[in-house]
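Work through the exercises below with the model in view. Try each task before reading its solution.

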Amino acid sequence: MEVIVASAFLCLCGWTALYVALCRVNMSRSYEWNCRLVTLLHGILAICLTTYIGYVDGPWPFDHPGTLNTPLQISVLVCSLGYFMFDMAWCVYFRTEGPVMLAHHTMSILGILLTLWLGESGIESCAVLFGSEITNPLLQMRWFLKQTGQYETTLGDFVDLLFVLLFVLMRIFVGGTMLYCELISPRPRFFIKCGGVAMYALSWIFMVDIVRFAKRKSKNWQRQQTEQKLAVNGINEKYD
């Protein structure tokens with residue numbers, strides 16, 4: 001366990017060093033811009049590694065929850081633990097996130113620590129990490145589009161649509177299936193199951209916000225379509 005703690009601290013230092021380096025290279029950009037670059041990199045890295053774990057290295061998380069951690073699972077979880085500690089500290093210091101996101105980071109840190117301490121259920125933790133991070137690149141792209149004035153475009157609409165669809169599919173449907181397999185299996189510990197329930201409940205809290213966002217987005221799109229039709233009709237009447 002001492003080795004894991006030391007490795008997590010080194011990963012924390014690594015993510016922090018990357019952030020500092022980006023701040024020095026991109027001095028014209030804000031601190032949040034550079035932090036989101038780190039977040040984007042972690043999201044892509046986590047997606048690639050957990051995809052390899054689930055589909056190649058194994059075992060399949062829906063069939064083998066509660067199994068012993070493999071060296072690759074431990075490495076990925078330690079790397080993500082360092083990132084979540086960095087991002088948690090950044091968010092608290094700059095006060096950029098609300099209680100829901102802070103609760104997500106707190107549960108992620110505690111869940112990974114518990115998995116590493118028990119030495120089992122690494123495959124479920126990697127599956128949860130995959131489901132949590134699969135929408136991360138789209139979320140960051142949405143923010144970057146806003147900052148560069150390109151959000152109110154077709155690309156912005158596509159990113160929003162893909163984000164909503166992926167969130168509903170992965171967090172709600174696939175996540176619900178994963179939780180069901182976790183709960184009915186006799187292997188995972190009770191605390192691991194409680195953590196799974198908590199993370200899934202948090203997904204539904206996020207889902208409520210996404211539904212509200214989707215409704216606003218739909219109303220804005222309908223209003224824009226109506227305004228465009230009125231503008232076209234006005235031009236036609238002028239020339240008629």
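**Exercise 1: W60**

Task: Classify W60 as buried, partly exposed or exposed.

Solution: W60 has a relative accessible area of 34%. Buried means under 20%, exposed over 50%, and partly exposed in between (1.4 Å probe, protein chains only). W60 is therefore partly exposed.

This is a predicted model: local features need pLDDT of at least 70, side-chain atom pairs need 80 or more, and totals for chains, interfaces and linings use all residues. Residues are numbered from 1 along each chain as its sequence is written, and side-chain values use heavy atoms, without hydrogens or water.

**Exercise 2: Around W60**

Task: Where does W60 sit in the chain?

Solution: W60 belongs to the loop between α2 and α3 (71–94). Helices here are DSSP runs (H or I, at least four residues), numbered from the N terminus. Next, look across space. A127 is 67 residues from W60 in sequence, yet their C-alpha atoms are 9.3 Å apart.

**Exercise 3: The helix before the loop**

Task: What span does helix α2 reach?

Solution: Helix α2 covers residues 31–57, 27 residues in total. G58 follows α2, with a positive phi near 75 degrees.

**Exercise 4: V56**

Task: Is V56 buried or exposed?

Solution: Start with its place: V56 lies in helix α2. Its relative accessible area is 55%. V56 is therefore exposed.

Methods
Helix = DSSP H or I, 4+ residues; strand = E, 2+ residues; numbered from the N terminus. Expected span 1.5 Å × (residues − 1).
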